[in-house]
Amino acid sequence: MALIKILRKHSIKLSFAILLVGGTAYIFGTDPKYTGYSPDQPIPFSHKIHAGELQMDCQFCHVAVERSVNATVPDTATCMKCHEFIASDSLAIQYLRQSYSQGIPVRWIKVHDLPDHARFSHKPHVARGLDCTQCHGDVKNMDRVEVFSAFNMGWCVNCHRDYTARLALQETGPGHNHTIHLSDCGTCHY
Ligand code: HEC
Ligand code: HEC
Ligand code: HEC
Ligand code: HEC
Ligand code: HEC
C-alpha cells in the first residue's frame with residue numbers, strides 16, 4: 001500500500017531519476033559499437049603493403065593530420081606518383097588510372113565516423129605526442145583498416161580524465177589549470 005502511494009506521488013520524479021541513471025549508463029556505456037568495423041572499399045587498398053612492407057610514413061598520405069581537424073584520405077594524384085609505373089597491369093590500378101585521368105575521386109567509404117555533435121580534431125592529440133597506434137591500432141599490419149578502439153564517449157572521456165591527472169602532475173604542477181576542462185561536456189560537444 002505504502003509503496004503504491006509513494007509511486008503515485010513521486011512517479012514523475014522516479015521515472016526521471018531512472019531515465020537519468022539509465023541514460024548516463026547508456027552514454028558512458030562501453031558498448032563498442034564500432035570496434036572491428038571494416039567496410040568494403042571500391043578497390044582493395046592495403047596498409048600492410050604501403051605502410052608496412054614499403055615503410056611509407058603515415059603522413060605521406062594523411063598529410064593534414066598534424067595541422068587540421070581531419071587527417072584526410074589521399075587523392076588519386078598521391079597514388080599515381082608510384083602507380084603510373086608500379087603494378088600498372090592490375091585491375092585495381094587501372095581503376096586508379098581511370099579515376100586520375102577523368103578527374104573523378106575514388107569514393108572511399110569512411111571507416112571512422114563520429115556523429116556531428118561530437119567535436120574531434122587530430123591536432124591537439126598529435127601535438128601531445130599521442131601515436132596513431134594508440135587509437136587506431138597497428139594499421140601498418142592491416143590489409144584492411146578496421147576500427148580498433150571503442151570510439152564511444154566513454155573511451156574519449158576515460159583517456160581525458162587520465163590525462164587531466166597526469167598532465168597536472170607531470171608538466172605543470174600547482175598554479176596551472178589549462179587541462180581542467182578536458183572532461184567538460186563543452187570540450188567535445190557543440
Ligand atoms: C599510400 C598511402 C597511405 C599510407 C602510407 C597510409 N595510408 Fe591510411 N589510408 C589510405 C587510404 C587510400 C585510405 C582509405 C581506404 C581505406 O580505408 O583502406 C586510408 C585509410 C586510413 C584510415 C581509416 C580512415 C577512415 O575512413 O576512417 C586510417 C585510420 C588510416 N588510414 C591510418 C593510417 C596510418 C596510422 C598509417 C601509417 C601507419 C597510414 N594510414 C598510412 C592511404 C594511406
Ligand atoms: C586520440 C585518438 C587518435 C589518434 C592519436 C589518432 N587518431 Fe585518427 N581518428 C581518431 C578519431 C576519433 C577519428 C574519427 C574522426 C571523425 O569521424 O570525425 C579519426 C579519423 C582518422 C582518419 C579518417 C579521416 C578523418 O580525418 O576523419 C584518418 C585517415 C586517421 N584518423 C589517421 C590518423 C593518423 C595517420 C594518426 C597518427 C598521425 C592518427 N589518426 C591518430 C582518433 C585518433
Ligand atoms: C611510394 C610508392 C607508392 C605509392 C605512393 C602508392 N603505392 Fe600502391 N603499391 C606500391 C607498390 C610497390 C606495390 C606492390 C606492387 C606489387 O606487389 O607488384 C603497391 C601495390 C598496390 C596495390 C595492389 C596492386 C595489385 O593488384 O597487385 C594497390 C591496389 C595499390 N597499391 C593502391 C594504391 C593506392 C590507392 C595508393 C594511393 C592512396 C597507392 N597505392 C600509393 C607503391 C605505391
Ligand atoms: C588516448 C587518449 C585520448 C583519447 C582516446 C582521446 N583524447 Fe582527446 N585529448 C587527449 C589529450 C592528451 C589532449 C590534449 C590535452 C592538452 O594538450 O591540454 C586531448 C585534447 C582534446 C581536445 C581539445 C581540448 C582543448 O580544448 O584543448 C578535444 C576537443 C578532444 N581531445 C576530443 C576528443 C574526442 C571527441 C575523443 C574521442 C572520439 C578523444 N578526444 C579521445 C587525449 C585523448
Ligand atoms: C572527451 C570527449 C567528450 C566529452 C568530455 C563528453 N562527450 Fe558526450 N560524446 C562524445 C562522443 C565522441 C560521442 C559519440 C559517441 C558514439 O557515437 O558512440 C558522445 C555522445 C554523447 C551523447 C549521445 C548522443 C547520441 O548520439 O546517442 C550524449 C547525450 C552526450 N554525449 C552527452 C554528454 C554530456 C552531458 C557530457 C558531459 C557530462 C559529455 N557528453 C561529455 C564525446 C564526449
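Student: Among contacts between residues at least 6 apart in sequence, what percentage join residues at least 24 apart?
Tutor: In this predicted model, 63% of those contacts join residues at least 24 apart in sequence.

Student: Where is A118 found?
Tutor: A118 is found in the loop between α5 and α6.

Student: And is A118 buried or exposed?
Tutor: A118 is exposed, because 12 other C-beta atoms lie within 10 Å and a residue with 12 or fewer counts as exposed.

Student: What about P124 and E66, how far apart are they in sequence and in space?
Tutor: P124 and E66 are 58 residues apart in sequence, and 8.3 Å apart in space from C-alpha to C-alpha. P124 lies in helix α6. P124 has 10 C-beta neighbours inside 10 Å, so P124 counts as exposed.

Student: What percentage of the residues count as buried?
Tutor: Of the 190 residues of the protein, 5% count as buried.

Student: Changing topic: how many helices and strands are there?
Tutor: The protein has 9 helices and 0 strands. From the N terminus on, the order of elements is therefore written α-α-α-α-α-α-α-α-α.

Student: How does the span of α5 compare with the expected one?
Tutor: Helix α5 has 12 residues and reaches 16 Å from its first C-alpha to its last, which is close to the 16 Å expected at 1.5 Å a residue. Just after α5, G103 takes a positive phi of about 65 degrees.

Student: Which residue of α5 could we look at, say Q98?
Tutor: Q98 is in helix α5. Q98 counts as exposed because it has 12 C-beta neighbours inside 10 Å. Q98 and T76 are 22 residues apart along the chain, and their C-alpha atoms are separated by 9.8 Å.

Student: Where are Q55 and A87?
Tutor: Q55 is found in the loop between α2 and α3, and A87 is in the loop between α4 (76-83) and α5 (91-102).

Student: On to the ligands. Which residues come nearest to ligand 1?
Tutor: Of the 21 residues around ligand 1, C58, C61, V111, H112 and C132 come nearest. Helices α2 (47-53), α3 (58-61) and α7 (132-136) each supply at least two residues of the shell. By class, this shell has 13 nonpolar, 6 polar and 2 charged residues.

Student: And which are closest to ligand 2?
Tutor: Ligand 2 is surrounded by 20 residues, and the closest are N70, A71, H112, C132 and C135. The elements giving two or more residues to this shell are α6 (122-127) and α7. The largest share, 4 residues, comes from α7. The shell divides into 11 nonpolar, 8 polar and 1 charged.

Student: What about ligand 5, which residues come nearest?
Tutor: Of the 15 residues around ligand 5, A118, M153, C156, C185 and C188 come nearest. Helices α8 (153-172) and α9 (185-188) each supply at least two residues of the shell, and the largest share, 4 residues, comes from α8. By class, the shell around ligand 5 has 9 nonpolar, 5 polar and 1 charged residues.

Student: Last one: where is confidence lowest and highest?
Tutor: Confidence is lowest in helix α1 (residues 2-28), at a mean of 60, and highest in α2, at 98. The mean pLDDT of the protein is 84, and 78% of its residues reach 70 or more.

Technical notes:
Residues are numbered from 1 along each chain as its sequence is written. Chains are lettered from A and ligands numbered from 1 in the order in which they are written. This is a predicted model: local features need pLDDT of at least 70, side-chain atom pairs count only at pLDDT 80 or more; totals for chains, interfaces and linings use all residues. A residue is near a molecule or strand if its C-beta atom, placed from the backbone, lies within 6 Å of it. Ala, Val, Leu, Ile, Met, Phe, Trp, Tyr, Cys and Pro count as nonpolar, Asp, Glu, Lys and Arg as charged, and the others, Gly among them, as polar. A residue is buried if 20 or more other C-beta atoms lie within 10 Å of its own, exposed if 12 or fewer, and partly exposed in between; C-beta atoms are placed from the backbone. Two residues are in contact if their C-beta atoms, placed from the backbone, lie within 7 Å. The expected span of a helix is 1.5 Å times one less than its number of residues. pLDDT is the predictor's confidence in each residue, from 0 to 100.
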